[in-house]
Amino acid sequence: MRDNTKKMNEILRLSSELNTIQDLDILLEKILLQARTFVSADAGSIQITEGNQLTFSHVQTDSLQRQLPPGQKLIYTTMKTDINRSSISGYVASTGEILNIRDAYSIDPDAPYKFNSSYDIKSGFKTLSMLTIPLKTVNGGILGVMQIINKMDEKGKIHPFNAEDELYVLHFANTASIILQRAQMTRALILRMISMAELRDPKETGAHVNRVASYSVEVYEHWARNHGVAREDIEKNRDILRMAAMLHDVGKVAVSDLILKKPSKFTEEEFEIMKSHTWQGATLFKFRQSEFDEVAAQVALRHHENWDGTGYPGRIDVETGDPVEKDQSGRPVALRGEEIPIMGRIVALTDVYDALSSRRVYKAAWRESDVLNEIKYQSGKKFDPELVDIFFDTLPILRSITSRYPDSE
Ligand SMILES: [Fe+2]
Ligand SMILES: [Fe+2]
């Protein structure tokens, strides 16, 4: 690519463009593409540390992509590499060193690492030059590696990567590290919020939120497939919904202990205060930084709305809880049917399913047949009838989720 000032200006422009994109996967995909474009590399991947393995999370190969019909994507089975010195990316992840290899098939036999040709064999690709760079945190922790493959000139001839290429790819690898670290911090923060909500309300146990989250993801996947949602979107929304569903009652941190831990029935006034956990929860996500905040706010706000318009909180100002549209009795007009966002409709169903099926301080667990009858009865009343159908279709999977997260006692 052109001369150096042009390249520097291009880097500055790209950095500011990246700042406007929030979604982690899209960001990493873009960074990898930019790194490859800068050094004219045909292929590349980002591999992320998970325990003591590296997982391929992004793989791009131009020459293989060109052989596919337009619009179609390369499908990769999730490949994993152990983090140790015997493979190239494993070596880079365990030592934190950069490896710049001229020819993957003629690596010095004395080197501790070997090239794994199984991917080449499976895909029909031929790896030659290879630049592997660690993705490091500021404290020197390794988040994964960025691997750039086959520096190619206009005629399709492959060259080794030079020192200048290393510098450019290092720049993009550092950007990827910052973004990954930011995402992992957000995740840790969310998990802390979940345990905080659990401390506040003894009904919101870890097992309950895990079950509600897993049921919701299962029901969502079926719903999304019925509605022709693209596969990549389903994948992305699964993770977002899982976290958001875990936080459905996080707004209870704002409700007094006297009410939360009351063993007997609420007075009307106490119930009004209890209802505020919906919008109190939504306000926690009001600085919409990402799609996660959007979904988490919807779930917190709408998981007690009913399909037939008898739920709460209805049309309110999320900041204050005041009605923006009142019915004759002066209460906020409730949302109904498809006015209720889908993620709210899903969690409304899975939360009740789990609450009825579990033992609580004030009630025994219902028999499964009674739970199922109640859900059927509430189809079109409390719950979206389409979701009730999906619920019964997926029941065997939901049952296996129940046994995966038993209540500890
Ligand atoms: Fe709730
Ligand atoms: Fe709940």
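Helix 4, which spans residues 88-95, is mostly covered, since 6 of its 8 residues are buried, where buried refers to a residue with 20 or more other C-beta atoms within 10 Å of its own, exposed to one with 12 or fewer, and partly exposed to the range in between, the C-beta atoms being placed from the backbone. The buried residues of this helix are Ile88, Ser89, Gly90, Tyr91, Val92 and Ala93, and their cover includes strand 1 (41-50), strand 2 (53-61), strand 3 (80-82), strand 4 (99-101), strand 5 (130-136) and strand 6 (142-152). After helix 4 comes Gly96, with a positive phi near 75°.

The model is a predicted one, in which local features need pLDDT of at least 70 and side-chain atom pairs count only at pLDDT 80 or more, while totals for chains, interfaces and linings use all residues. Residues are numbered from 1 along each chain as its sequence is written, and chains are lettered from A and ligands numbered from 1 in the order in which they are written.

The protein as a whole contains 16 helices and 7 strands, these being DSSP runs numbered from the N terminus, of H or I with at least four residues for helices and of E with at least two for strands. Its C-alpha atoms fill a box of roughly 75 × 45 × 45 Å along the principal axes, and of its 409 residues 34% are buried. Among contacts with a separation of 6 or more, 64% join residues 24 or more positions apart, a contact being a pair of residues whose C-beta atoms, placed from the backbone, lie within 7 Å.

Ala296 touches Met243, Ala244, Leu247 and Phe285, when residues up to four places away in sequence are not counted.

The packing of helix 7 can be followed through two of its partners. The axes of helix 7 (residues 206-226) and helix 13 (residues 342-357) come within 9 Å and cross at roughly 130°, where axes are lines fitted to C-alpha atoms, for helices over the stretch in contact, and angles run from 0 to 180 degrees between N-to-C directions. The two helices are therefore oblique to each other, as angles under 35 degrees count as roughly parallel, over 145 as roughly antiparallel, 65 to 115 as roughly perpendicular and the rest as oblique. On the side of helix 7 the contact is made by His208, Arg211, Val212, Tyr215, Ser216, Val219, Tyr220 and Trp223, and on the side of helix 13 by Ile342, Ile346, Val347, Thr350, Asp351, Tyr353 and Asp354.

With helix 16 (residues 395-404), the axis of helix 7 comes within 10 Å and crosses at roughly 160°, which makes helix 7 roughly antiparallel to helix 16. Here Arg211, Ser214, Tyr215 and Glu218 of helix 7 meet Ile397, Leu398, Ile401 and Thr402 of helix 16.

Ser195 lies in helix 6 and is exposed, with 11 other C-beta atoms within 10 Å. Ser195 and Val250 are 55 residues apart in sequence, while their C-alpha atoms are 9.5 Å apart in space.

Definitions and conventions:
Two residues are in contact if their C-beta atoms, placed from the backbone, lie within 7 Å.
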